[in-house]
Amino acid sequence: YGGESLLVSVLYVDDEEDLCVASSLFLTMKGFSVITCSSAKEALDALSQTKYDVIVSDYMMPGMDGISLLTKVRKNHGDIPFILFTGKGDEEVVIRAIEEKADYYVRKGNDPITVFSDLAYTIDKVVERYKTKKDLFESEEKYRFLVTHALEPILIVDLHGKLLFANNAAAKMIEVADIPGNLGRNVMEFISPSSQNDVQEDFHKVAKGVDGFIAQYKILTLNQEERWVESIGKSISFQNAPSILISLRDITDRQRALE
């Protein structure tokens, strides 16, 4: 794992100078870039000037312990990976570390090779997990931006028809100015009575996994004006729950011409 860690920067915090030196030497040999601090205050000063990929901190330190440092890091520097590295092994410290959203807890031991190897492995894993999470978040943000600003109306509803998401085009189609204010409403409120049965039948089909077909319905705008739409529904997972993504196309002019 050391070969993948050449660019990983570690801020190591410990009031024991010997451990700072030993940890720095070992982690550097494994391909990490290491900066050491002898106190939590010194670490906070370093964080205010430089970004680090991961923080490794002792628990028992004078002035400010590792948990207090973690609390300040989460408040001021977000979700940067944080590993508590300490010889104190009681349950209370572990629980507090979890409550303050530490990424991992590594105990110091009598065998330095085993302990530092475990620490190096843990650093790699938490940094890799953080990068994966960050990449996924950025990917989802890009996707959300594209969907939000897509030219065609797009909705996401839960399996009961509750509106979970509507993009700008969908809001414009039904003449709704405040999208967040209308989330939670049932999508059937915007379906014309003449199309309600068809929508409910097709909705159940999509919920069961029969999706991708094109259907036509009459919808109602906020001002009760009827419009024709062409719809395609797809079963998806949204906010970790089964949902349905609905893509719409306004075909009112076409239908009126046919009529």
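Predicted model: local features only at pLDDT ≥ 70, side-chain atom pairs only at ≥ 80, totals over all residues.
Strands β6 and β7 (residues 163-166) pair in the antiparallel sense over three bridges, where strands are DSSP runs of E of at least two residues, numbered from the N terminus, and pairing takes at least two DSSP bridges between them. Residues are numbered from 1 along each chain as its sequence is written, and side-chain values use heavy atoms, with hydrogens and water left out.

Let's stay with that pair for a moment. Ile156 has Phe165 in β7 as its bridge partner. Four residues sit between the two strands of this hairpin, and Gly161 in the turn has a positive phi of about 90 degrees.

Now look at the other neighbor. β6 also runs antiparallel to strand β10 (residues 241-250), joined to it by five bridges; here Val157 stands opposite Ile244.

How covered is β6 (residues 154-158)? Five of its five residues are buried, meaning under 20% relative accessible area with a 1.4 Å probe and protein chains only. In a regular strand, side chains alternate between the two faces of the sheet. In β6, Ile154, Ile156 and Asp158 are buried on one side, and Leu155 and Val157 are buried on the other.

Zooming out, 44% of the 259 residues of the chain count as buried. The C-alpha atoms fill a box of roughly 85 × 35 × 35 Å along the principal axes.

Definitions and conventions: Buried < 20%, exposed > 50% of the residue type's maximum accessible area, 1.4 Å probe, protein only.
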